[in-house]
Amino acid sequence: MLMIRTIVRPEKVHEVMQGLLDAGYPAVTKISVVGRGKQRGLRVGDVVYDELPKEMLFMVVPDADKDFVVRAIMDNAKTGDGKFGDGKIFVSAVEEVYTISSGLKESDSVLEAAKEA
């Protein structure tokens, strides 16, 4: 299993979440965050805005679905020809997943069945 975390522009979050839903990935956690990337924020005159609003989306997917999910995010998060600040996607391994209500440990097959439901 893999956790995919993506940081996107606030104005693109609805498109990204709809794209994931349409692709069969309804389970997403969304958090409003602030930060800056390589561009070091945004300068307007003498004022530097270095805490820009973004949205962070989290999801856990089977390993085999990684490329498909990353492509769905990229297709929906990119602005025009692509600009600084469009976001990032981070992929990392998930060692274990437990469902709190049942106490059961999940596996790739459980995630795959949930996606198809």
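Is Phe68 buried, exposed or partly exposed? In this predicted model, Phe68 has a relative accessible area of 49% and is therefore partly exposed. The legends below cover this residue and other close-up views.

View A. Strand β1 spans residues 2–8. Leu2, Ile4, Thr6 and Val8 make up its covered face. The uncovered face consists of Met3, Arg5 and Ile7.

**View B. Pairing of β1 with β5.** Strand β5 covers residues 52–61 and runs antiparallel to β1, with seven bridges joining the two. Arg5, from the uncovered face of β1, has Phe58 as its bridge partner in β5.

**View C. Pairing of β1 with β6.** Strand β6, residues 87–93, pairs with β1 over seven bridges in the antiparallel sense. Ile4, which belongs to the covered face of β1, has Val91 as its bridge partner in β6.

**View D. The aromatic pair.** The count of aromatic pairs comes to one. Tyr25 and Phe68 form this pair, with 6.2 Å centre to centre and 45° between the planes, a tilted arrangement. The pair links distant parts of the chain, as its two residues are 43 residues apart. Tyr25 sits in the loop between α1 (13–22) and β2 (29–35), whereas Phe68 belongs to helix α2 (residues 66–77).

View E. Tyr25 has a relative accessibility of 7%. Buried means under 20%, so Tyr25 counts as buried. Phe68, at 49%, is partly exposed, because the exposed class begins over 50%.

Conventions. Residues are numbered from 1 along each chain as its sequence is written. This is a predicted model: local features need pLDDT of at least 70, side-chain atom pairs count only at pLDDT 80 or more; totals for chains, interfaces and linings use all residues. Side-chain values use heavy atoms; hydrogens and water are left out. Buried means under 20% relative accessible area, exposed over 50%, partly exposed in between (1.4 Å probe, protein chains only). Helices (H or I, at least four residues) and strands (E, at least two) are DSSP runs, numbered from the N terminus. Two strands pair if DSSP finds at least two bridges between them. Rings of Phe, Tyr and Trp (its six-membered ring) pair if their centres lie within 6.5 Å; planes under 30 degrees apart count as stacked, over 60 as edge-to-face and the rest as tilted.
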